[in-house]
Amino acid sequence: MYSAGLKGRGRLSNIGPGHRQQSKGNQDKNLWSSLLDSVASGKKLPEKNLLVLGGNPELQREFLETLESDTARRPQDRRRKRPPIANDCALGYTYQDVLDADHDDILARLSIYLLSESSTVYSALVKPLLTPKTISETLVVILLDWADPWSWARQVRDWVKFLKGVIVTMDDECKVAAEDTMQEWQQRKRGAAYEGGSATSDAGVHIPLGQGEWDEPLGLPLCVACHGTEKIETLERDHGWREEEFDFSLQYMRTVLLK
């Protein structure tokens with residue numbers, strides 16, 4: 001079974017029965033590891049990110065409740081424990097599971113980050129959330145309150161300034177990913193506008209941008225949520241707001257977002 005060594009060939013290894021059993025055990029272990037990894041990757045859920053900027057913790061919780069479909073859920077689903085919302089200080093976090101129409105299966109996991117203050121000291125907390133992989137999967141929401149529409153312009157300005165401060169510090173790879181995301185959204189917008197026209201057969205038609213559109217792109221998908229529509233009645237009753245005031249406020253938001 002053993003050789004004292006052949007000149008010019010070095011020593012031969014031990015290839016006895018014990019060694020063969022050990023090798024077989026390692027192969028079985030590697031096989032099971034491979035199978036387990038395959039199952040784990042198959043169960044991994046798609047992940048999306050939501051970055052909510054603005055609003056106090058109470059307003060943020062109210063906004064998150066509107067994202068859920070509790071009213072459409074079955075009674076047995078309502079007993080499911082909700083994830084906690086940790087948003088009392090600095091950068092908050094919670095998550096929501098995106099369910100199918102029957103609320104039987106989880107289709108995706110929505111990670112939600114919440115920030116109330118636009119101070120630059122929090123930029124270091126937001127920057128790690130924006131990576132080349134997550135930028136295209138992230139939606140930024142500026143949360144506004146109908147109880148205070150007079151401050152909307154200032155709040156939007158402050159948050160856009162905050163986001164620009166974060167983006168300028170990103171590395172080149174992240175900036176390329178942000179540029180690619182914006183180009184994709186531009187093409188999607190142009191395609192949607194064209195599909196709404198009368199001639200949809202010519203896919204090569206170029207729809208030009210309107211005046212002021214995309215002239216200051218952030219590099220991140222952005223929307224503005226005006227929460228608390230039940231407070232509109234108070235504006236009408238106590239402040240004399242009419243249709244003209246509401247139209248002006250909403251048109252201002254649309255103009256900012258188009259830029």
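Helices here are DSSP runs of H or I with at least four residues, strands are runs of E with at least two, and both are numbered from the N terminus. On that basis the protein chain has 8 helices and 5 strands, running α-β-α-α-β-β-α-β-α-α-β-α-α from the N terminus on. The model is predicted, so to speak of local features takes a pLDDT of at least 70 and side-chain atom pairs count only at pLDDT 80 or more, while totals for chains, interfaces and linings use all residues. Residues are numbered from 1 along each chain as its sequence is written, and side-chain values use heavy atoms, with hydrogens and water left out.

Of the 259 residues in the protein chain, 30% are buried (under 20% relative accessible area, 1.4 Å probe, protein chains only).

Now for helix 2, residues 57–67. Its buried residues are Leu59, Gln60, Phe63 and Leu64. Seen down the axis of helix 2, they fall within an arc of 140° and so line one face of the helix; the arc is taken from the directions from the helix axis to the C-beta atoms. These buried residues pack against strand 1, strand 2 (92–99), strand 3 (106–115), strand 4 (138–145) and strand 5 (222–227).

Strand 1 (residues 47–53) holds Asparagine 49, which is buried at a relative accessible area of 14%. Leaving aside residues up to four places away in sequence, Asparagine 49 touches Leu110, Ser111, Tyr113, Thr134, Glu137, Thr138 and Leu139.

Technical notes: Buried < 20%, exposed > 50% of the residue type's maximum accessible area, 1.4 Å probe, protein only. Contact = heavy atoms within 4.5 Å.
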